[in-house]
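Q: I would like to learn how to read a protein model. Can we go through one together?

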Amino acid sequence: MAHRLPKPFDAENWEAAKMVSLQDIARSQDWQVLSPETDSVAHQLRNRFTYLIKSSKPGASLTIHFTGNVLGVYDVVWPNCGQYTVSVDDQPDTDYPRFDSFATYYRSSFFFVPIDKAGKHTVTLRVSPKQLDKAAILKTRNKTIDNPAAYQENACYASQLLVVGDLVN
């Protein structure tokens, strides 16, 4: 005998959520595809990312067109990371630091882009030219920068999107 499913607890549940590779997402030329065979970050995180891109060029961009209500970015946090400047539709830009007080080693991470309501959206992620004060951020955990060269770069990495909805062309 078949059982009827009850109404969802939350009408905006994530039933339609999916992970989407950035492989086919529009991006500026300033992104490089990292291979586990030739790149130490891609090698170290190869069990998490089958596809990984990186840019440290300010203004390098990824543009996502989708219909839905949630967009997340699965990426890397590490000493050489900077921050994204993210624009959603016609809203003011928001910065998303990809460096935190624990960023003394490579790790996979994620962040969600706030979407006001379900619908068609354009989200652009750009490598920010703004430099983070990494020494001050680490100091909040009584950590110091032992190898300044490892913290110099202002890179952004990305692998996949979490989309509640669908990508559109």
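Q: Is tryptophan 14 buried, partly exposed or exposed?

A: Start with the terms: buried means under 20% relative accessible area, exposed over 50%, and partly exposed in between, with a 1.4 Å probe and protein chains only. Tryptophan 14 is partly exposed, at a relative accessible area of 42%. Tryptophan 14 sits in the segment before S1.

Q: What should I know about the model and its numbering before going on?

A: This is a predicted model: local features need pLDDT of at least 70, side-chain atom pairs count only at pLDDT 80 or more, and totals for chains, interfaces and linings use all residues. Residues are numbered from 1 along each chain as its sequence is written, and side-chain values use heavy atoms, with hydrogens and water left out.

Q: How do S5 and S8 run, and how many bridges join them?

A: Two strands pair if DSSP finds at least two bridges between them. S5 and S8 run antiparallel, joined by seven bridges. One example is valine 77, whose bridge partner in S8 is arginine 107.

Q: Why is S8 described as largely enclosed by the rest of the structure?

A: S8 is so described because five of its seven residues are buried.

Q: How many salt bridges does the structure hold?

A: A salt bridge is a side-chain nitrogen of Lys or Arg within 4 Å of a carboxyl oxygen of Asp or Glu. The structure holds six. One of them joins lysine 18 and aspartate 166, at 2.8 Å from N to O. Lysine 18 is in strand S1 (residues 17-21) and aspartate 166 in strand S11 (residues 160-167), so the pair ties together parts 148 residues apart in sequence. Lysine 18 is partly exposed at 32%. Aspartate 166 is partly exposed at 42%.

Q: Are aspartate 75 and arginine 98 buried or exposed?

A: Aspartate 75 is buried, with a relative accessible area of 0%. Arginine 98 is buried too, at 6%. Their side chains meet in a salt bridge of 2.6 Å, N to O. The pair links distant parts of the chain: aspartate 75 lies in strand S5 (residues 61-77), and arginine 98 in the loop between strand S7 (94-97) and strand S8 (107-113), 23 residues apart.

Q: Which residue does aspartate 95 meet in a salt bridge?

A: Its partner is lysine 130, at 2.6 Å from N to O. Aspartate 95 lies in strand S7 and lysine 130 in the loop between strand S9 (119-127) and helix H2 (134-139), so the bridge ties together parts 35 residues apart in sequence. Aspartate 95 is partly exposed at 27%. Lysine 130 is partly exposed at 46%.

Q: What share of the protein's residues is buried?

A: Buried residues are 44% of the 169.

How values were computed
Helix = DSSP H or I, 4+ residues; strand = E, 2+ residues; numbered from the N terminus.
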